[in-house]
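Biologist: Hi! Could you walk me through this one? I've never looked at it before.

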Amino acid sequence: MKYPNDEMATIAQKLKQAKLKITPQRVAVLSELTDNYDHPAADAIYQKIKLKLPNISFDTVNRTLISLARNGVIRIVEGLDRARRYDPMIEPHHHFYCLKCNKIIDFISEEYDQIKLPASITKKHQVLEQKIVLNGICEDCKNKKDNKGRK
Ligand SMILES: [Zn+2]
Ligand SMILES: [Zn+2]
């Protein structure tokens, strides 16, 4: 299967940085996640990859995702729902989570990055990441509800 050259170069670069070998499975998973900011679950990624690599198993996709996350190539999204979800954005950012459609929207906030951590945590535990999760109803879901109301 063919990938656009610049996408392939980005993927190869990410794997190289993490000192991981370039394998068809890793390339397929990263290609699916590249520029996909829906924070998909493993199953959604598997469904898409299966169309291109019909012989790949869910287990392989799942194991590839976990190993990529463990090596810092992608992120595992905090447990908001039962299926573990993945994030291609490695830079510090925060999440708005829609309780209706389960969409996760990325946002950046310097103020949130700088919030002082509670001493009760920092004294005992090592904080690796500082992330704010806002829960609510997204714009699309809000508009849907408004339209119904007007009828
Ligand atoms: Zn929504
Ligand atoms: Zn994100």
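**A first walk-through**

Biologist: Let's start with H94: what is its bridge partner in β4?
Modeller: In β4, H94 has F107 as its bridge partner. Strand names follow DSSP runs, numbered from the N terminus: E of at least two residues for strands, H or I of at least four for helices.
Modeller: Before we go on, this is a predicted model, where local features need pLDDT of at least 70, side-chain atom pairs count only at pLDDT 80 or more, and totals for chains, interfaces and linings use all residues. Residues are numbered from 1 along each chain as its sequence is written, while chains are lettered from A and ligands numbered from 1 in the order in which they are written.

Biologist: Thanks! How many bridges join β3 to β4?
Modeller: Four bridges join β3, residues 94-98, to β4, and the two run antiparallel. Another partner pair there is F96 with I105. Two strands count as paired if DSSP finds at least two bridges between them.

Biologist: And how does β3 run with β5, parallel or antiparallel?
Modeller: β3 and β5 run parallel, joined by four bridges. Y97 stands opposite N135 of β5.

Biologist: So what's the strand order in that sheet?
Modeller: The order is β4-β3-β5, in an open sheet of three strands with mixed pairing. On average, neighbouring strands here are turned by 20° against each other, direction ignored; the axes are lines fitted to C-alpha atoms, and angles run from 0 to 180 degrees between N-to-C directions.

Biologist: Which residue takes a positive phi in the hairpin of β3 and β4?
Modeller: N102 does, with phi near 65°, and the hairpin has five residues between the strands. N102 is partly exposed, with 15 other C-beta atoms within 10 Å. Buried takes 20 or more such atoms within 10 Å, exposed 12 or fewer, and partly exposed is in between, with C-beta atoms placed from the backbone.

Biologist: Changing topic: where does H39 sit?
Modeller: H39 is in the loop between α2 (24-33) and α3 (42-52). H39 also has a positive phi, about 55°, although it is not a glycine. Most residues other than glycine have a negative phi.

Biologist: Is H39 buried or exposed?
Modeller: H39 is buried, with 23 other C-beta atoms within 10 Å.

Biologist: What about the largest nonpolar core: how many residues has it?
Modeller: That core has 17 residues, and V29, L33, I45, I49, V61 and L65 have the most contacts inside it. A core here is a set of buried Ala, Val, Leu, Ile, Met, Phe, Trp, Tyr and Cys residues joined through C-beta atoms within 7 Å. α2, α3 and α4 (58-70) each supply at least two of its residues.

Biologist: Which residues is V29 in contact with?
Modeller: Leaving aside neighbours within four places in sequence, V29 is in contact with I45, I49, V61, T64, L65 and L68. Contact means that C-beta atoms, placed from the backbone, lie within 7 Å.

Biologist: Last one: which domains does the assignment give?
Modeller: The domain assignment gives domain 1 (5-85) and domain 2 (91-150), with bounds from an automatic or database assignment. Their C-alpha centres lie 23 Å apart, and six residues of domain 1 are in contact with five residues of domain 2.

Terms used: Two residues are in contact if their C-beta atoms, placed from the backbone, lie within 7 Å.
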